[in-house]
Amino acid sequence: QLQLVESGGGLVHAGDSLSVSCAASGYTYLIKVMAWYRQAPGKQRELVASVDVGGGAPVYADSVKGRSTLSTDSVKNTWTLRMTSLKPEDTAVFYCKAVSGGSYDGYDRTLEWHDWWGQGILVTVSS
C-alpha cells in the first residue's frame, strides 16, 4: 500500500509563485512514476508533470511548460511542483499520483500496475 499526502497550495495572486508537495509513505520502494495532475472546475483531470524515478527528465504539460519545475527527493519520498507566473486559469485542485508495478529487484514476478492518488489540494489564483 501507498499513502500520498499533499501540502502547499492556497490562494495566490496572478503572477505569484507557489509550490505543492506530495509525501509518500508505505511501500514507497514500489514507486515507478511520480506525477502531478490538476482538475479545474468543470474540466477533466489533466496531467501537469511527471517523472520516471528510474531516470529521465520530467515532462510537463504545454500549459505549464517553462514556468513549472518538478523535483523529487528519493530519501524523503516526496515530490514538489513549483509553479511560477501563475494565472487565474491555473486555479484547480491539484492531485499527486504515484504509479507502481512491473518488475522489481528481488521479486520473482511482475506486479500489477496501480495508480495511487492523494486527496487533492486546492490552488486558487486570483486576477
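Predicted model: local features only at pLDDT ≥ 70, side-chain atom pairs only at ≥ 80, totals over all residues.
1. Strand 1 and strand 3 (residues 18-26) run antiparallel and are joined by seven bridges; strands here are DSSP runs of E with at least two residues, numbered from the N terminus, and two of them pair if DSSP finds at least two bridges between them.

2. Residues are numbered from 1 along each chain as its sequence is written. Local features need pLDDT of at least 70 and side-chain atom pairs count only at pLDDT 80 or more, while totals for chains, interfaces and linings use all residues, and side-chain values use heavy atoms, with hydrogens and water left out.

3. The open sheet consists of four strands in the order 1-3-8-7, with antiparallel pairing. Its edges are strand 1 (2-8) and strand 7 (68-73), each of which pairs on one side only.

4. T78 belongs to strand 8 (residues 78-83). Apart from neighbours within four places in sequence, T78 is in contact with C22, A23, M34, S71, T72 and D73, where contact means heavy atoms within 4.5 Å.

5. Y29 lies in the loop between strand 3 and strand 4 (31-39), and its relative accessibility of 49% makes Y29 partly exposed.

Terms used
Buried < 20%, exposed > 50% of the residue type's maximum accessible area, 1.4 Å probe, protein only.
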